[in-house]
Amino acid sequence: VQVPLRFIGIGEKMPDIEPFIPDRIVSRLMGAGDVEGLSERAAAVIDEKKAKEVTKKIKKGEFNFNDFLEQLDMMKKLGSMKSILGMIPGMGQMANQLKDMDLESSGEIVRIKALISSMTPKERETPSILNNSRKKRLARGAGQEE
């Protein structure tokens with residue numbers, strides 16, 4: 001069949017389907033990464049206005065748990081850590097060691113999300129109000145021991 005190749009799957013999930021550009025694939029295979037592909041993927045996922053807003057919050061010390069969850073969701077949209085590291089020059093070996101670790105299946109991230117989900121909206125917005133009794137309640141609500 002004389003049909004040109006348009007897309008290539010670099011993983012098992014839908015975000016792992018990307019346009020087939022031979023030069024980029026070859027550079028990844030050679031360990032040179034794909035910085036262009038990474039920047040395109042980041043530009044598609046990251047809202048520039050929102051990023052500036054978060055930067056201001058961090059500088060002012062107003063970054064809260066809601067912002068943290070939004071940042072995790074943005075990172076998740078970029079794809080697995082393996083695919084991100086594979087696009088950075090020289091990081092191919094490290095990417096291979098990660099297997100298919102991503103932000104959704106990481107045990108630590110799942111525990112953090114459970115803790116944040118156990119918080120009231122006020123606790124998420126104002127982390128400074130978290131005292132020991134609230135922390136114990138959150139740990140119990142998230143299925144942790146303390």
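The structure is a predicted model, in which local features need pLDDT of at least 70 and side-chain atom pairs count only at pLDDT 80 or more, whereas totals for chains, interfaces and linings use all residues. Residues are numbered from 1 along each chain as its sequence is written, and side-chain values use heavy atoms, with hydrogens and water left out.

The chain contains nine helices and two strands; these elements are DSSP runs numbered from the N terminus, helices being H or I of at least four residues and strands E of at least two. Read from the N terminus, the order of elements is β-β-α-α-α-α-α-α-α-α-α. Of the 146 residues, 25% count as buried, where buried denotes under 20% relative accessible area, exposed over 50%, and partly exposed the range in between (1.4 Å probe, protein chains only). Contact is defined by heavy atoms within 4.5 Å. Among contacts between residues at least 6 apart in sequence, 46% join residues at least 24 apart.

Helix α2 spans residues 35-45 and packs on helix α4, residues 65-78, at an angle of about 135 degrees, with the axes 9 Å apart. This angle makes α2 oblique to α4. Angles under 35 degrees count as roughly parallel, over 145 as roughly antiparallel, 65 to 115 as roughly perpendicular, and the rest as oblique. The axes are lines fitted to C-alpha atoms, for helices over the stretch in contact, and the angles run from 0 to 180 degrees between N-to-C directions. The crossing of α2 past α4 is right-handed; a crossing has this hand if the near helix is turned clockwise from the far one by less than a right angle, and is left-handed if anticlockwise. On the α2 side the contact involves Arg41, Ala42 and Val45, which meet Met74, Lys77 and Leu78 of α4. By class, the residues of this contact comprise four nonpolar, no polar and two charged. In this classification Ala, Val, Leu, Ile, Met, Phe, Trp, Tyr, Cys and Pro are nonpolar, Asp, Glu, Lys and Arg are charged, and the others, Gly among them, are polar.

Within α2, the buried residues are Gly37, Leu38 and Arg41. Viewed down the axis of α2, these buried residues fall within an arc of 100 degrees, so they line one face of the helix; the arc is that of the directions from the helix axis to the C-beta atoms. An α-helix has 3.6 residues a turn, so residues three or four places apart point the same way. The cover over the buried residues of α2 includes β2 (17-19), α1 (22-29), α4 and α5 (81-86). On the other side of α2, Val35, Glu36 and Ala43 are exposed. Beyond its neighbours within four places in sequence, Val35 is in contact with Met87 and Pro89. The C-alpha atoms of Val35 and Arg24 are 8.9 Å apart, the two residues being 11 residues apart in sequence.

Helix α4 also packs on α7, at an angle of about 145 degrees and with the axes 11 Å apart. Here α4 passes α7 in a left-handed crossing. Phe65, Phe68, Leu69, Leu72 and Asp73 of α4 meet Ile109, Ile112, Lys113 and Ile116 of α7. This contact has seven nonpolar, no polar and two charged residues. Another residue of α4, Asp67, is buried, with a relative accessible area of 6%. Residues up to four places away in sequence aside, Asp67 touches Lys57 and Glu62.

Leu115 lies in helix α7 (residues 107-117) and, at 30% relative accessibility, is partly exposed. Not counting residues up to four places away in sequence, Leu115 touches Leu138, Ala139, Ala142 and Gln144. Leu115 and Gly143, 28 residues apart in sequence, have their C-alpha atoms 8.6 Å apart. Thr120, in the loop between α7 and α8 (121-125), is also partly exposed, with a relative accessible area of 32%.
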